[in-house]
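These are my notebook entries on one complex. I set down what I looked up and what I found.

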Amino acid sequence: MFARKKSLILTGVLATATAVALVGCSSSSSLSGNDSSKSAGTITVGSANFSENVVLADIYGQALAAKGFTVKYKLNIGARAVYIPALEAGDIDVIPEYSGSILSYLDKTAAATSGADVASALTKALPSTLVAYKPASAADSDSLNVTPAFAQANNLTSIGDLKNVSKWILAANPEFQTRPDGIPGLKSVYGLDNINFQAISDGGGPATLKALLDNTVQVADIYSTTPSIVDNKLVTLTDPKNLFASQEVIPLVYKKSASSKLESALNAVSAKLTTKDLLKLNSEVQGDSKTDPAVAAKAWLKSAGLLSK
Amino acid sequence: MNIFAQGFQWIFTASHWTDVNGSAGIGAQILFHLQYTVIALFFVVIIAVPLGLLIGHTGKGRAVAITASNVSRALPTLGLLALLILVIGIGIVPTTIVLVILGIPPLLAGVYSGLESVDRQTIDAARAMGMTELQILFKVEVPLAMALLIGGLRAATLQIIATVAVAAVYGGNGLGRFVLDGIAQNDFAKAVGGAVLIIVLALVVDGLYAIIQRFAVPRGVSRGSVGRKHAARGGSIPVVATTRTPITEGQ
């Protein structure tokens, strides 16, 4: 996610150094003859450096392995600015992406927000070296959440209902203050002019949740597949005017590695993957059980009927 | 344009002093920054000074104090803040706690090493004259150690001023707000502007301490040192000479 990429940058020099080091690894391995040695059936699956994306990469990889591909992994590569060039160079062949974020990364002026608009705009915005397959219905987008008590007290169901609440504070990453689909969007699309902003740089993580539960803030921007939303029975305000761009999970593929066999394998995953599944996978991997992403991925593939044993 | 030039231009844009993206401007954030610093420093002083005086005067517990100081220096401020935020929640309390933990070691070291630097013969003489322990402490040791004491306070203040910026990570105010927001919003002029302002603020406060430190050395101490006659007439160079030795020891 674009926003998440930024919050990751904030985690500091260490993360950047790691990302650089990893790119160093991936590019050096490609220089040592990745293209020549690659058999038709070898696919390298990459991922960004956050756990949900790693699980998705594991799902893609295991689904491809089940279809007879030889799969290599380059997980936790880093932020979008690092792994997209790697994908364009063919250092990795497949990476799970989010439609809205990758669109705004490729086309800074993109205005599409609904699922269909984003998909068609993305097809146009993709460079000639890349191809996107079918998006899943699973989406991990920004969402505004309130506590059940606050929702009930103020009769809230959609974002627009906040207009009638006299005093409330919104917590989000600092970029939300200036992003077109942040506060400016809340003002222009929903006509909210009573926003008090509280920046918390953890991407809707534990500090944001704590502030919301403590009633220090009343509304929090939390990614829609974050387990804490379900765990704390938070009420996600609906977004009928599509302020937040659709963020469907979509396989992005290096064009030279694309094949109908690859496409059908990845589309089969997209056809089954729902937001609920993603939420459950995140709960397993990030929650108390700390399930290994590869194990969680395997369990999901089995339950979806994409893996026989 | 050069990113640093952009940063300075951001600072010198008049409207930024009252309002930045609809939130507090530079003027208000400087006050917030100083407010966090002063609050933290208050607790640092009421904890570190009595403790340092006790250790320095009695000579007991020095090993424990040094170990505790070094251990607390090794604590990562941001990590500790993240932990406290999850326990206490966002606000000024967790920020103050991490800043106090950060500020105690330099001041504590300044106080007890200041007291230790006092010549034992001077203290023995005071005791022989019939001074009580408290009189020795406050009439002999503290005045003689004053330069090192202020030096410790100076180091603690600068560390805190430079570190208040982490408050912004979890929604706090202060000049760190501009750095964090600037990076997140791809507004690097703002980030550089904020960083420059923190540096300038630290240098200004350090300059104030340099002045205070000059006057912190009691007359009795400077009388005995070289160049005192010139200092009495208000010559500026000898004044530096009288304070230089203690400052160097304190650093």
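**Entry 1: confidence**

I began with the scores, since this is a predicted model. The predictor assigns the complex an ipTM of 0.73 and a pTM of 0.73. For chain B I noted an average pLDDT of 85, with 87% of the residues scoring at least 70. I then looked up where in chain B confidence is highest and lowest. Helix α2 of chain B (residues 26-58) is highest, at a mean of 94, and helix α12 of chain B (residues 236-250) is lowest, at 43. Residues 226-251 of chain B have a pLDDT below 50, and this stretch makes 35 contacts in the model beyond near neighbours in sequence.

**Entry 2**

I traced the strand order next. Chain A holds an open sheet of five strands, ordered β7-β6-β8-β5-β9, with mixed pairing. β7 and β9 (235-236) of chain A are the edge strands, each pairing on one side only. I recall that strands of a sheet pair through backbone hydrogen bonds, in either the parallel or the antiparallel sense.

I followed the pairings one by one. β6(A) and β7(A) run parallel and are joined by four bridges; A:Ala172 stands opposite A:Ala199 of β7(A). Strand β6 of chain A (residues 169-172) also pairs with β8(A), in the parallel sense, over two bridges. Here A:Ala171 has A:Ala220 as its bridge partner in β8(A). Strand β5 of chain A (residues 142-146) pairs with β8(A) in the antiparallel sense over four bridges, and A:Asp142 has A:Tyr223 as its bridge partner there.

**Entry 3: strand β8 of chain A**

Is β8(A) covered on one face or on both? I found both faces covered: A:Val219, A:Asp221 and A:Tyr223 are buried on one side, and A:Ala220 and A:Ile222 are buried on the other. Five of the five residues of this strand (residues 219-223) are buried, so β8 of chain A is largely enclosed by the rest of the structure.

**Entry 4: the contact between chains A and B**

I looked up which residues take part. Chain A contributes 19 residues to the contact and chain B contributes 15. On the side of chain A that touches chain B, α1 (2-10), β7 (196-199) and α10 (206-213) of chain A are the elements giving two or more residues. α10(A) supplies the largest share, four residues. By class, I recorded nine nonpolar, six polar and four charged residues on this side of chain A.

**Entry 5: the make-up of chain B**

Chain B has 12 helices and two strands. Reading from the N terminus, I found the order α-β-β-α-α-α-α-α-α-α-α-α-α-α. Of its 251 residues, 41% count as buried. Among contacts in chain B with a separation of 6 or more, 71% join residues 24 or more positions apart.

**Entry 6: the nonpolar core**

Which residues touch the most other members of the largest nonpolar core? Of its 140 residues, these are A:Ile59 and A:Tyr60. Helix α7 of chain B (residues 133-163) gives the most to this core, with 15 residues. I then looked up the neighbours of A:Ile59: beyond four places in sequence, A:Ile59 is in contact with A:Val269, A:Ala297, A:Trp300 and A:Leu301. In soluble globular proteins, nonpolar side chains tend to be buried together.

Note on methods:
Residues numbered from 1 in each chain as written. Chains lettered and ligands numbered in written order. Predicted model: local features only at pLDDT ≥ 70, side-chain atom pairs only at ≥ 80, totals over all residues. Buried ≥ 20, exposed ≤ 12 C-beta atoms within 10 Å, placed from the backbone. Pairing = 2+ DSSP bridges. Contact = placed C-beta atoms within 7 Å. Nonpolar A, V, L, I, M, F, W, Y, C, P; charged D, E, K, R; others polar. pLDDT = per-residue confidence, 0-100. Core = buried A, V, L, I, M, F, W, Y, C linked by C-beta atoms within 7 Å.
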